[in-house]
Amino acid sequence: MTPRTESAPRPVPALSDAPRNELLQSVVDVARAIFGAAASSVLLLDEEADELVFQAVSGEGQEFLVGRRFPAGRGIAGWVATSGEPMVVDDLTAAPSFDRSLAESTAYVPNSLMAAPLISESRVLGVLEVLDPSPQARSSVRELDLLAMFARQAAAALRVITPEPVAAPGLAAAGPVLVGAQREDALRLLGSLEQVLRGPA
């Protein structure tokens, strides 16, 4: 059997997942634009399997990474998910927590990255990563704080759309997925935060 870490992307999600996936795609698209990054991704935590799952990708790898899984304890994303703390690394060649073999398996090896946990009600839902952000965003506490704030708002919006515990791909959501006005509220929340982040430097 092919290991999960090398599994092919999952089939197209069920219709009920569409609002969540649209929201998360908006999150990575906005994060990539704000931080001038080569790529951005959201990885959701599958607690039952103890794995992180690429749920949305913008930029490098977006054609094939969605649905890929890897052990939740590996790499910087794993550290962020475990610790619940954001991290910025300006030079990944000198970072002991960077798992180069894992990065190589995604066909894109960044030189720097920023990552923040998606936290709702003291629970880590996943990780938001920004790969190779623009030079002015690197090694900046302010920029990392902005990413962490964006991740918190993204998690809150995700909770609005999926009020029950968020399930990673392959696990059924525990409750109904909300659409309509509440979905619009979640997207408006992200839009408001984008305006804040794009404000004065």
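Buried here means under 20% relative accessible area, exposed over 50%. I'm keeping that cut-off at hand, and I note that this is a predicted model.

**Entry: Asp-132.** I looked up its accessibility first. At 13% relative accessibility, Asp-132 falls under the 20% cut-off, so I put it down as buried. Asp-132 sits in the loop between E6 and helix H4 (141-161). Its phi is positive, about 50°, and it is not a glycine. That made me stop, because most residues other than glycine have a negative phi.

**Entry: Glu-121.** Another positive phi, about 55°, and again not a glycine. Buried or exposed? Glu-121 has a relative accessible area of 70%, so I wrote down exposed. I found Glu-121 in the loop between strand E5 (113-120) and strand E6 (123-131).

**Entry: helix H1.** I checked the length of H1, residues 18-34. Its 17 residues should span 24 Å at 1.5 Å a residue, and I got 24 Å between the end C-alpha atoms, so the two agree. Then I listed which residues of H1 are buried; among them are Pro-19, Leu-23, Leu-24, Val-27, Val-28, Ala-31 and Ile-34. Arg-20 and Asn-21 are on that buried list too. I jotted a reminder beside it: residues three or four places apart in an α-helix point the same way, because there are 3.6 residues a turn. Just after H1 I came to Gly-36, with a positive phi of about 55°.

**Entry: Asp-46.** This one lies in strand E1 (residues 39-46). Asp-46 is at 3% relative accessibility, so it counts as buried. What does its side chain contact? I found a polar contact with the side chain of Arg-69, at 2.9 Å.

Conventions
Residues are numbered from 1 along each chain as its sequence is written. This is a predicted model: local features need pLDDT of at least 70, side-chain atom pairs count only at pLDDT 80 or more; totals for chains, interfaces and linings use all residues. Side-chain values use heavy atoms; hydrogens and water are left out. Helices (H or I, at least four residues) and strands (E, at least two) are DSSP runs, numbered from the N terminus. The expected span of a helix is 1.5 Å times one less than its number of residues. Buried means under 20% relative accessible area, exposed over 50%, partly exposed in between (1.4 Å probe, protein chains only). A polar contact is a pair of N or O atoms within 3.5 Å; within protein, one must be able to donate a hydrogen and the other to accept it, and residues adjacent in sequence count only if both atoms are side-chain atoms.
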